[in-house]
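Please look over the sequence and the model first.

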Amino acid sequence: MSTGFSTGRGTVTALEAASMTVAPGEFVSLIGPSGCGKSTLLRLIADLDEPSSGTISVFGRTARQARKEQAYGIAFQQAGLLPWRTVRANIELPLQLHGTAAKARRDRADELLAMIGLTEFAESFPDQLSGGMQQRVAIARSLAESPRLLLMDEPFGALDEMTRERMQNELVRICAETGAAVVFVTHSIPEAVFLSDRVFVMSARPGRIKAVLSMRLGAAGERGENLREDTAFYAAITAVRESLHGADAPALRGVETR
Amino acid sequence: MTGAGTRTPLAARIGWAAGGVLVPVLLWEGYKFAGPDDGVSLAGIPLLPRTTDLAMPHVWTMLGRLAEPATSAAGAPPLWAAVLEAAAFTLGIAALGWLLGVLVGTGLAMVMQRFRSAGSALLPWIILSQTVPLIAIAPLVRRWGSQLEIGSFAWENWMSVAVIASYLAFFPVAVGALRGFASPQASHVDLMHSYSVGWWRSFLFLRLPASIPFLLPALRLAAANAVIGAVVAEVSIGLKGGIGRMIVEYAAAAGGDPGKPWAPIFGAVLLGLAAVAATSVLGLFLNRYRRGEQTA
């Protein structure tokens, strides 16, 4: 599949011959330099943009059908909570828009609030929450309709390092609980390695998938803080980094391992 | 109104408000005391007004006049009561004009938001509409209205005044609402798209609530415009009973009764304040829509 966009001077190919398959329940990361089209690829899956050629199939349907049937949940870099709605009302938003009864909505929101550990903030407004808390609410919202696929576009990109690692631990736990497949866009190598079953390494201009690396750093339930200090974790980081920089960058590699 | 205002101590706020009233009074009386009787002219061009009791009555003359009967006729109500009654009459018409203007303005903004081509076609006309002088449209509205007769319904002059008030009121609402409806972030619009809800639902759940911070100042401006429109239209249409007509009538009495023409002017000021205060009260109920999202 490929896509491009038109500018005054012609068409720029944003993404070329990108092909990927995600298994149910699998956590997949897209990593690459800025402008490699990783966000574009995610937007294509979400049917927020249309590919100029090629097909996307989500659970055997087109991306459009999948969107219409609410087969996926989505979270962006900005939490994107509606500031005039309480935390609870924000989580309930997709359910309310799709006509779920008030009682069922409430129960589901209670469940999700407990899952993200913000039960006591249910009636707070987003501006009373920290950035990390807002992002947790956004993730709860994306899970509201129990999608089998979760699309995340650098959801922790705006958070500080400590919050980020805590959120990663929580995401691993949440994914294990819900069994949803995840396509996760990031530009952080440790983040991709820590979270993923497989990492898709992309290159820029035109964006294409350069390599697919399997991680297998233990089952989701066992992944925790100690994994971050494991030698296997560092080996995987090195593998992804080498793949990102390409085989023709030995000098750089030498510098980094010194 | 502003965040800074709510943090000032109450006493200070009362002090500033009193000062706001006191300073013009002192300037008025000070100039009246010190200025020459014939005013100040430069090369035949009058720069400052005459300070005679006829041209510039004392503030206490104006206020004292309010307590006296409106006319010399037996059983006439005190002037303040007559002014208040006229102000209430005009306020009613202005409120109707405001409501009409808000509905039309919001409706136009919705159409312009929904159809981009309609936006580029309508917006120049909306701006152009405000360059037509009120005096020019008043007789037109009156003539068109008088041709309207459906069953027992007959067009009356006060309706023409309300229509003209709405003509001034709809403009800030249309512009403010259009900006407000376009204000949601791209990620919010994407989110609505990912929920595959139609235009109407995403309007109700996203664009309308997001527009409130833009809409409230527009509504306040519309209230002030509706009052001005109603007062001026009363004069142009010749509608009796309102404050606009009263200003013209009492101005004729200035010669023998210099305090009297000021009464309906105070009434008009009060009218504008009441209208703006009413829209501010509306804002209190919509406080939750004025929260800014804290960016992480």
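This is a predicted model: local features need pLDDT of at least 70, side-chain atom pairs count only at pLDDT 80 or more; totals for chains, interfaces and linings use all residues.

Every value below is computed from it.

## Strand β7 of chain A

Strand β7 of chain A covers residues 149–153. Five of its five residues are buried, so the strand is largely enclosed by the rest of the structure. Cover comes on both faces. On one side, Leu149(A), Leu151(A) and Asp153(A) are buried; on the other, Leu150(A) and Met152(A) are. In a regular strand, side chains alternate between the two faces of the sheet.

β7(A) has parallel partners in β6 and β8. Strand β6 (residues 72–75) of chain A is joined to β7(A) by four bridges. Tyr72(A) has Leu149(A) as its bridge partner there. Five bridges link β7(A) to strand β8 (residues 181–186) of chain A. Here Asp153(A) is the bridge partner of Val185(A). Between β7(A) and β8(A), the chain passes through helix α6 (residues 161–178) of chain A. This β-α-β crossover is right-handed.

## Helix α5 of chain A

How many of the 13 residues of α5(A) are buried? Twelve are, and the helix is mostly covered. The buried set includes charged side chains such as Arg136(A) and Arg141(A). Gln134(A), Gln135(A) and Ser142(A) are buried too. The buried residues of α5(A) pack against β6, α3 (87–97), α4 (102–116), β7 and α6 of chain A.

The helix length checks out. At 1.5 Å a residue, 13 residues should span 18 Å. The end C-alpha atoms of α5(A) are 19 Å apart, which agrees.

## Nonpolar cores

The largest nonpolar core has 69 residues. Those touching the most other members are Ile31(A), Ile45(A), Val137(A), Ala140(A), Leu151(A), Val182(A) and Val240(A). Helix α5 (residues 131–143) of chain A gives the most to this core, with six residues. Leaving out residues up to four places away in sequence, Ala140(A) touches Ile91(A), Leu112(A), Leu113(A), Met115(A) and Ile116(A).

Another core lies apart from the largest one. It holds 58 residues, among them Ile164(B), Phe181(B), Leu215(B) and Ala275(B).

Is Pro24(A) buried or exposed? It counts as exposed, because it has 10 C-beta neighbours inside 10 Å and the cut-off for exposure is 12 or fewer. Pro24(A) sits in the loop between β2 (10–15) and β3 (27–31) of chain A. Its C-alpha is 7.1 Å from that of Ala180(A), although 156 residues separate the two in sequence. Not counting residues up to four places away in sequence, Pro24(A) touches Arg148(A) and Ala181(A).

Phe33(B) belongs to helix α2 (residues 10–34) of chain B. With 9 C-beta neighbours inside 10 Å, Phe33(B) also counts as exposed. Phe33(B) and Ala169(B) are 136 residues apart along the chain, and their C-alpha atoms are separated by 41 Å.

## Interface between the chains

In the contact between the chains, 20 residues of chain B meet 22 residues of chain A. On the chain B side, α8 (186–194) and α9 (199–237) each supply at least two residues. Helix α8(B) gives the most, with six.

What is the make-up of the side of chain B that touches chain A? Seven residues are nonpolar, eight are polar and five are charged.

Note on methods:
Residues are numbered from 1 along each chain as its sequence is written. Chains are lettered from A and ligands numbered from 1 in the order in which they are written. A residue is buried if 20 or more other C-beta atoms lie within 10 Å of its own, exposed if 12 or fewer, and partly exposed in between; C-beta atoms are placed from the backbone. Two strands pair if DSSP finds at least two bridges between them. A crossover is right-handed if, with the strands pointing away from the viewer, the path from the first strand over the helix to the second runs clockwise. Two residues are in contact if their C-beta atoms, placed from the backbone, lie within 7 Å. A nonpolar core is a set of buried Ala, Val, Leu, Ile, Met, Phe, Trp, Tyr and Cys residues joined through C-beta atoms within 7 Å. The expected span of a helix is 1.5 Å times one less than its number of residues.
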